[in-house]
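I set out to record what I looked up in this structure, entry by entry.

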Amino acid sequence: MFSFQSKKIYLFMFLGIQLVVIALFSREAYKKSVTYFIHILRKDNASIPTGRNQTSTAVVANGGDVYANLSRLSKAHSQGENLTYCPKTSPLIVGRINVRIHSNFTMQELQRKNPLVVRGGRYRPPDCEARHRTAIIIPYRDREHHLKVLLYFLHPFLQRQQLNYGFYVIHQAGNYTYNKAKLMNVGFREAMKDEDWDCLFFHDVDLIPEDNRNTYVCDANPKHVSVAIDKFGYELPYNQVFGGVTALSPLHYLKMNGFPNNYWGWGGEDDDIGDRVSLAGMSISRPSLKVGRYKMIKHKLDKGNNANTKRFNLLRKTRQTWKQDGMNTVESRVISREYHPLYTNITVDVGTKAGLPPPPPPPKAATMADQIQHHG
Ligand code: UD2
Ligand code: MN
């Protein structure tokens, strides 16, 4: 039998072992929670730019709301005429953005969310002089829902990057076969009439950027920007791809004689443009797969944009044709230029394969003889 004394010793030993086990477990849990928090902090830091003038607390965690803290911008004081340059890296840039495709808001509500965007979809930072002037050129026809979603995400996305920017929707008039590349030539010409843009972003209406570190500025070479799209498993589908979102300076654009005018219908024009880049002695630059991420809004092939069966033949000839067909030969007629609150809409007749139809006769003006008769 155990004595009372030895029972006490065993009891203490038992309690001691229990205490040690509890301490070990809680240390493990403690360690886990510490590493968890360090991990969170690290992730957040990754989305904080390392600019010198970094002052902001606007950084949101990965997958944040692109509008988070943006209303502070509208309260920023303008320093009048003598603004100093914005920092090299905007302190407002956040990392990943939570892109949930929806359009259950009115355009008025969207305007209220972007109070500093002025007529025609123009913006400049209120408190510093932008280092970059970027025009967004969107080829368009009958994709109202997509345009609404793009405006919702892209406006705050660009404001965070402290850009001087303008938003152009280039709308193909009529129902004739679609011609995306020709619309881009028109977009380039029309946008350059407004401002000395130093970069043009040619942007499919259905691509929504998912990472704010993907800065909408030009590189030394033409840039293919939409490198990682959800539709293609966030991988580059093939090496020479140059569709979706691309960024060119006016000099790049003119050096390659713009884009081809003779691709009617879906496909091929993007590869032609890619070829033009190298034929003009330039190369394609790209952001990383981590940053050049996009969601494509789901859609079917549009009416009036059937696959272009001639595209393979055309592509074989780019080397011979690029200097004769492009920006130097674009024929089109601008039907209207409307300055909406969040974008400039340019409706344009790009004609058909047969060329541009003759202009409608001008309204009959009264001749001098008519007037004399009238007064006489
Ligand atoms: C791919 C390319 C696109 C283009 C196209 C072939 C990517 C990511 N995208 O997109 O840049 O080269 O193939 O032509 O590689 N659009 C309208 N209304 C229409 C038809 C087209 O607004 O009726 C515009 C709109 O901006 C759209 C773009 O043209 O995003 C491209 O057309 P798409 O979305 O039908 O072609 P997709 O997704 O195959
Ligand atoms: Mn698309």
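I took helices (H or I, at least four residues) and strands (E, at least two) as DSSP runs, numbered from the N terminus. On that basis I listed ten helices and eleven strands for the chain.

I noted that this is a predicted model, in which local features need pLDDT of at least 70 and side-chain atom pairs count only at pLDDT 80 or more, while totals for chains, interfaces and linings use all residues. Residues are numbered from 1 along each chain as its sequence is written, chains are lettered from A and ligands numbered from 1 in the order in which they are written, and side-chain values use heavy atoms, with hydrogens and water left out.

**Entry: burial.** I used buried for under 20% relative accessible area, exposed for over 50% and partly exposed for in between (1.4 Å probe, protein chains only). Of the 376 residues of the chain, 45% are buried.

**Entry: metal site.** Which residues are the protein donors of the manganese ion (ligand 2)? I found Asp206 (OD) and His299 (NE2), at 2.2 to 2.3 Å from the ion. The two lie 93 residues apart: Asp206 sits in the loop between strand 4 (199-203) and strand 5 (207-209), and His299 in the loop between strand 9 (293-296) and helix 8. Donors here are N, O and S atoms within 2.8 Å of the metal (3.2 Å for Na, K and Ca); water is not among the atoms, so sites may look incomplete. Asp206 is buried, at 4% relative accessibility, whereas His299 is partly exposed at 35%.

**Entry: helix 7.** I listed Glu269, Asp270, Asp272, Ile273, Gly274, Arg276 and Val277 of helix 7 as buried. Their cover includes helix 5 (180-194), helix 8 and helix 9 (318-321). Just after helix 7, Gly281 has a positive phi of about 80°.

**Entry: pocket and cavity.** On a 1 Å grid over the protein atoms alone, a cavity is a set of points where a 1.4 Å probe fits but cannot get out; a pocket is an open set with protein on both sides within 12 Å along at least five of seven lines, and lining residues have an atom within 4 Å of a point. The largest pocket holds about 1000 Å³ of space. Among its 40 lining residues, Lys180, Asp204, Trp266, His299 and Asn305 are closest to the centre. I found one cavity of 30 Å³ or more in the whole structure. The volume of the largest cavity is about 70 Å³, counted as the space filled by probe spheres set on grid points joined across faces, edges and corners. Helix 7 gives the largest share of the cavity lining, three residues.

Note on methods: Contact means heavy atoms within 4.5 Å.
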